[in-house]
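Please read it alongside the sequence and coordinates.

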Amino acid sequence: MKSKLFKSLARIFFLLCICNLALVYLIKRPSFILSVEDESSEYVNSRTLQDHVKILSENFLPRNFHHPENLDLAASYIQSNFEKYNPDTYLQSYQISESTFSNVISNYGPDTKEIIVVGAHYDAFSSHPGADDNASGVAGLLELGRLLSTLRLSKRIVLVAYTCEEPPQFASEIMGSFVHANSVSNKNIRLMISLEMIGYFSEEQGSQNFPVSILKYLYPEQGNYIAVVGEVLSFEASSLKNTINRYTALDAYSINAPSFVPGVDFSDHRNYWALNYPEIMVTDTAFFRNPNYHSPQDTFDTLDYFFMAELVKSLLVTLKKLS
Ligand SMILES: [Zn+2]
């Protein structure tokens, strides 16, 4: 009798262990990369990244919904920088009440049915500089554009700088990414990558916070890595994570989580997700790490341009593989 009970308990314990391991695998998708491969041909200029972040975060303030004239100035800066290397660049403009708002779009490679979209919002919350949020993402986009223009691609890659991501327009149909996502129904989006704050890293113990406290047992509490966020059953996030860990000096972790986990859908990818396009978000985890989030202290000198350049390098490797 006793041994039967012991056997049943052992079985339950074993099953629980398997369930826990499966859950950890589903969320974290652990991988084991032992050495970093050199991809020296991918020359990403960290100084250029810094210059873009400084200009975007200092010259066009406030760049929010109530100041469309400053959004226009930021959009022209982005457009002219894309155009330096790629003439196929244009504004996607739309009207809200009396004002015009614009996404900046730059196309690379041939006009194929299947496309890959990489996007980042260029507006900033309130009157704050928004260096990490999200001049960093836009700088990454511009540097990607420069490098993509030198490549022979077999598939269309679309870089989009979005307007109107920040509250109170967030989660509304005014978002530039809502407008763009709904304008490409004639295309098949292979993957949408949202760059949402990619510049803040900290070596301090405890600098990384989490939306759900159990996650601190799965991820480092030192905020010195980039996070790639994906849908529960998708492998896109872990694939980019592996590329970052394989080809760069930056550490990456991925998380696959449903949209009710706070933060998981807090950027432009949400509008592609809603239309069932495959999407991921690349982020330094925003307010879960950066104490300057949505404040006047979110300035260009608080960011790490070496890590940002490493991330852009890994994005280029990924885009080359996908196209
Ligand atoms: Zn943002």
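## Loop residues with positive phi

M197 lies in the loop between strand 5 and strand 6. In this predicted model, the phi angle of M197 is near 65°, a positive value in a residue other than glycine. M197 counts as buried because 28 C-beta neighbours fall inside 10 Å, and the cut-off for burial is 20 or more.

H294 also has a positive phi, near 50°, and is likewise a residue other than glycine. H294 belongs to the loop between strand 8 and helix 8, the latter spanning 305-322. With 17 other C-beta atoms within 10 Å, H294 is partly exposed.

## Cis peptide bonds

Which residues does the cis peptide bond with omega near -15° join? That bond runs from L61 to P62. P62 sits in the loop that connects helix 2 (46-59) with helix 3 (68-83).

A cis peptide bond is also found from P167 to P168, with omega near 5°. The location of P168 is the loop between strand 4 and helix 5 (176-181).

## The sheet

The chain contains 8 helices and 8 strands. The 8 strands form an open sheet in the order 1-2-4-3-5-8-6-7, with mixed pairing. At the edges are strand 1 (89-96) and strand 7 (251-256), each of which pairs on one side only. From one strand to the next, the twist averages 20°.

Strands of a sheet pair through backbone hydrogen bonds, either parallel or antiparallel. Strand 5 (residues 188-196) and strand 8 run parallel and are joined by 5 bridges. Within this part of the sheet, E196 has T283 of strand 8 as its bridge partner.

## Helices across the sheet

Helix 4 (residues 131-148) lies across strand 2 (99-108), strand 3 (114-121), strand 4 (156-162) and strand 5. The direction of helix 4 is at about 140° to strand 3.

Helix 6 (residues 236-247) lies across strand 5, strand 6 (225-230), strand 7 and strand 8. Relative to strand 7, helix 6 runs at about 175°.

## Nonpolar core

In soluble globular proteins, nonpolar side chains tend to be buried together. The largest nonpolar core here has 83 residues, and I78, V138 and I226 touch the most other members.

What does I226 contact when its neighbours within four places in sequence are left aside? The contacts of I226 are I198, I244, L250, A252, V282, D284 and L311.

## Two loop positions compared

Is E231 buried or exposed? E231 is buried, since 20 other C-beta atoms lie within 10 Å and the cut-off is 20 or more. E231 is placed in the loop between strand 6 and helix 6. The C-alpha atoms of E231 and N256 are 5.2 Å apart, although these residues are separated by 25 residues along the chain.

N276, by contrast, is exposed, with 9 other C-beta atoms within 10 Å; the cut-off for an exposed residue is 12 or fewer. N276 is found in the loop between helix 7 (270-273) and strand 8 (279-283). Between N276 and L147, which are 129 residues apart along the chain, the C-alpha separation is 29 Å.

## Overall dimensions and domains

The chain has a radius of gyration of 20 Å, which agrees with the value near 20 Å for a compact globule of 323 residues. Along its principal axes, the C-alpha trace spans about 80 × 40 × 35 Å. Buried residues account for 47% of the 323 residues. Of the contacts between residues at least 6 apart in sequence, 76% join residues at least 24 apart.

The domain assignment gives domain 1 (1-30) and domain 2 (33-322). Their C-alpha centres lie 39 Å apart. How many residues of each domain are in contact with the other? The contacts involve 5 residues of domain 1 and 7 residues of domain 2.

Definitions and conventions. Residues are numbered from 1 along each chain as its sequence is written. This is a predicted model: local features need pLDDT of at least 70, side-chain atom pairs count only at pLDDT 80 or more; totals for chains, interfaces and linings use all residues. Helices (H or I, at least four residues) and strands (E, at least two) are DSSP runs, numbered from the N terminus. A nonpolar core is a set of buried Ala, Val, Leu, Ile, Met, Phe, Trp, Tyr and Cys residues joined through C-beta atoms within 7 Å. Two residues are in contact if their C-beta atoms, placed from the backbone, lie within 7 Å. Two strands pair if DSSP finds at least two bridges between them. Axes are lines fitted to C-alpha atoms, for helices over the stretch in contact, and angles run from 0 to 180 degrees between N-to-C directions. The radius of gyration is taken over C-alpha atoms; the globule rule is 2.2 Å times the number of residues to the power 0.38. Domain bounds come from an automatic or database domain assignment.
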